[in-house]
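Take a look at the model below.

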Amino acid sequence: RSSRDLWILADVSEIIAQLEDHSVQIQTMMGSRFVQGIRRDVEIWEGKIRLASDVIDEWLQVQRAWMYLESIFSAEDIQRQLPAESAKFKGVDKFWKDTLK
């Protein structure tokens, strides 16, 4: 595979741990009686952290499926056996690679 110029997420465990820590801290703030003055700001940050976590989760799922299918459809015998599916995958593969550049 020639994927040296693509952005592939590898080990994101530290990022996920930080997002979880921040989420716990925000939940603690939301439970405090002193949050009333900044409640809206805390809710906004809660949404941003949730969005970042959801994006990373979805990205990893799509990336995992794409890498799995790329290894299958890059084989010439599969391309000959499944020409329609191979053509469809090539279109998706091009879109994915253009997105990741």
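What follows is a short report on packing and charge pairs.

This is a predicted model, in which local features need pLDDT of at least 70, side-chain atom pairs count only at pLDDT 80 or more, and totals for chains, interfaces and linings use all residues. Residues are numbered from 1 along each chain as its sequence is written, and side-chain values use heavy atoms, with hydrogens and water left out.

Two packed helices are described by the angle between their axes and the distance between the axes. Helices are DSSP runs (H or I, at least four residues), numbered from the N terminus. Axes are lines fitted to C-alpha atoms over the stretch in contact, and angles run from 0 to 180 degrees between N-to-C directions. Helix α1 spans residues 13-30; its axis and that of α2 come within 10 Å and cross at roughly 155 degrees. That makes α1 roughly antiparallel to α2. Angles over 145 degrees count as roughly antiparallel, under 35 as roughly parallel, 65 to 115 as roughly perpendicular, and the rest as oblique. The crossing of α1 with α2 is left-handed, meaning that the near helix is turned anticlockwise from the far one by less than a right angle.

Contact means heavy atoms within 4.5 Å. On the α1 side, the contact residues include Ile15, Ile16, Leu19 and Ile26; on the α2 side, they include Val42, Trp45, Ile49 and Ile56. By class, this contact of α1 with α2 has 11 nonpolar, four polar and three charged residues. Here Ala, Val, Leu, Ile, Met, Phe, Trp, Tyr, Cys and Pro count as nonpolar, Asp, Glu, Lys and Arg as charged, and the others, Gly among them, as polar.

**Ile56**

Is Ile56 buried or exposed? Ile56 is buried, with a relative accessible area of 16%. Buried means under 20% relative accessible area, exposed over 50%, and partly exposed in between (1.4 Å probe, protein chains only). Ile56 sits in helix α2, residues 39-73. Not counting residues up to four places away in sequence, Ile56 touches Val12, Ile15, Ile16 and Leu19. Leu9 is 47 residues from Ile56 in sequence, yet their C-alpha atoms are 8.9 Å apart.

**Helix α2 against α4**

Helix α4 covers residues 83-100 and packs with α2 at about 135 degrees, the axes being 11 Å apart. That makes α2 oblique to α4. This crossing, too, is left-handed. Among the residues that meet are Trp59, Trp66 and Phe73 in α2, and Phe89, Asp93 and Trp96 in α4. The contact of α2 with α4 has eight nonpolar, two polar and four charged residues.

**Salt bridges**

A salt bridge is a side-chain nitrogen of Lys or Arg within 4 Å of a carboxyl oxygen of Asp or Glu. By this rule the count is six. Three of them are tabulated.

| Pair | N to O distance |
|---|---|
| Glu43 and Arg40 | 3.7 Å |
| Glu46 and Arg50 | 3.8 Å |
| Asp93 and Lys97 | 3.3 Å |

Glu43 and Arg40 are three residues apart in helix α2, so about one helical turn separates them. Glu43 is partly exposed at 29% relative accessible area, whereas Arg40 is exposed at 56%. Glu46 and Arg50 also lie in α2, four residues apart, about one turn of the helix. Arg50 is partly exposed at 48%.

In helix α4, Asp93 and Lys97 are four residues apart, so about one helical turn separates them. Asp93 is buried at 13% relative accessibility; Lys97 is partly exposed at 22%. Elsewhere, salt bridges with shared partners join Arg39, Arg40 and Glu43 into one network.

Notes. Helix = DSSP H or I, 4+ residues; strand = E, 2+ residues; numbered from the N terminus.
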